[in-house]
Amino acid sequence: MTDSQTWSSELNLSDNEFWAQSPEQRYAAYRTLRALEPPPFFEAGESPFGTEERGYYALLRHADVAEASRNPQLFSSAAGATSIYDLPVEFNEYFGSMISMDDPRHARLRRIVSRAFTPKMIKKFEEDVQQTAGVIVDDLLATGPCDFVQHVSARLPLKIICQMMGIGDEHYEMVLRNTNIILSGADPEFISADLNEALTQILTAGGDLAALVTSLAEQRQASPADDLVSSLATANIDGEQLTPAELASFFVLLVVAGNETTRNAISHALLLLTEHPRQRELLLADCAGRIGPAVEEIVRYVSPVIWMRRTLTADTVMNGSAFAEGDKFLLMYQAANRDETVFGPTADQFDITRSPNPHVGFGSAGPHFCLGAHLARREISVILRELMARVPDIRVAGEPDYLLSSFINGIKHLPCEFG
Ligand code: HEM
């Protein structure tokens, strides 16, 4: 480990002030940090769990993120991928799913879950996305100017995940509230400023979601239906199935990963199309042809998931710098997605025609690559196509209210207008 260094708050990834900066300030900071050799090291601050913390390195270069992602034996996820701090065991009950596992446990879970996404189920959810997006835009036109997050971007992923799992409409509000709490970062709108209270809130949210899916699984074991919970809670063709605890934590991962990410991609998309009228014109001129690359550019530019963590399983040397077993690394997807050595001098520009676009917004190639990438791409492209066709002048009508978080690039509220 290198000696700890004192960072000014505009460069210190562990400082909430860093995450309260404007996106432009943050991207300028990434440029400075990315140039450093060895990669910058940050103190983690006091752990809310009372554990001794040794800080972390931040990998901001595209090549370094790729290298860590393709070496899971060395860059392990098992100590926790979504938290800088090692989590106490009670958190694993609800938050210990595949994203924070290594092989062979990870491979087994991913195999069972992937089998459940049959072509028939994928086709069904693709149709559901189309139909739901249509209804959301109908409602938007009836409502008029409103909070785009509440009325559009939060609704689509939530409805689709719940439909996939077989969760009834009456639970939507509860699912949304609890996923908001779990990924609230440090934002006082969703979570208490008192650390102990905040931890209780997060555990309660995980517990409530787990209880919902556990009772659903019991019903489905008795009478299976055509949904994901039924496929996961009953044996597949290889005789494999998830245990009740595995199902519960997978569900928590799925609703959190599926909601909080896609929602923010859609909200940021409206903001980007408002701030870059030329890009909107390009999209409107050939929506069918450009929507695919536009979605990739949105995911690159926004990077809804800012980082994932890995922990070294052995001493190693990377780019000539030595690191020790147990060292923690943040794979900074958002910074890697601005790396000029890969995206050239226009790395900071939003360009829906960018090609090639080897972004790492869904992670880099490796065993943990986003399981929901196909669904997310579908949701973002369908809702944008629907909006561009039916409300082509929809635009942001005020300041975005950003989520205060180092992990999720979120927008809580976004006033929109049209007509
Ligand atoms: C724009 C939307 C999304 C973004 C930016 C995103 C991003 C990511 C990233 C960065 C990872 C970690 C990759 C790694 O560690 O190598 C990940 C993993 C994951 N994502 Fe997504 N995601 C999105 C949407 C979704 C959706 C819609 C779902 C579910 C339906 C989903 C489910 C998952 C799961 C289950 C994992 C863990 C996979 C594993 O550990 O094997 N994601 N995602």
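The model is predicted: local features need pLDDT of at least 70 and side-chain atom pairs count only at pLDDT 80 or more, while totals for chains, interfaces and linings use all residues. Residues are numbered from 1 along each chain as its sequence is written, and side-chain values use heavy atoms, with hydrogens and water left out.

**View 1. The second largest cavity.** About 50 Å³ of space lies in this cavity. On a 1 Å grid over the protein atoms alone, a cavity is a set of points where a 1.4 Å probe fits but cannot get out, and a pocket is an open set with protein on both sides within 12 Å along at least five of seven lines; lining residues have an atom within 4 Å of a point. Grid points are joined across faces, edges and corners, and a volume is the space filled by probe spheres set on the points. Among the lining residues are Leu33, Arg34, Pro39, Pro40 and Asp64. Helix H2 (23-34) and strand S2 (56-59) each supply at least two lining residues; helices (H or I, at least four residues) and strands (E, at least two) are DSSP runs, numbered from the N terminus.

**View 2. The largest cavity.** The volume here is about 70 Å³. Helix H12 provides the largest share of the lining, three residues. The lining includes Asn180, Phe190, Glu260, Arg263 and Lys412, and its classes are four nonpolar, four polar and three charged.

**View 3. The second largest pocket.** This pocket, of about 380 Å³, is lined by 20 residues, with Gln150, Ala154, Arg155, Leu158 and Leu176 nearest its centre. Helix H6 contributes four residues, the largest share.

**View 4. The iron atom of the ligand.** Cys370 (SG), at 2.3 Å, is the only protein donor; donors are N, O and S atoms within 2.8 Å of the metal (3.2 Å for Na, K and Ca), and water is not among the atoms, so sites may look incomplete. Cys370 is found in the loop between helix H16 (340-343) and helix H17 (373-390).

**View 5. Contacts of Ile394.** Not counting residues up to four places away in sequence, Ile394 touches residues including Leu140, Phe148, Arg280 and Cys416, contact meaning heavy atoms within 4.5 Å.

Methods
Ala, Val, Leu, Ile, Met, Phe, Trp, Tyr, Cys and Pro count as nonpolar, Asp, Glu, Lys and Arg as charged, and the others, Gly among them, as polar.
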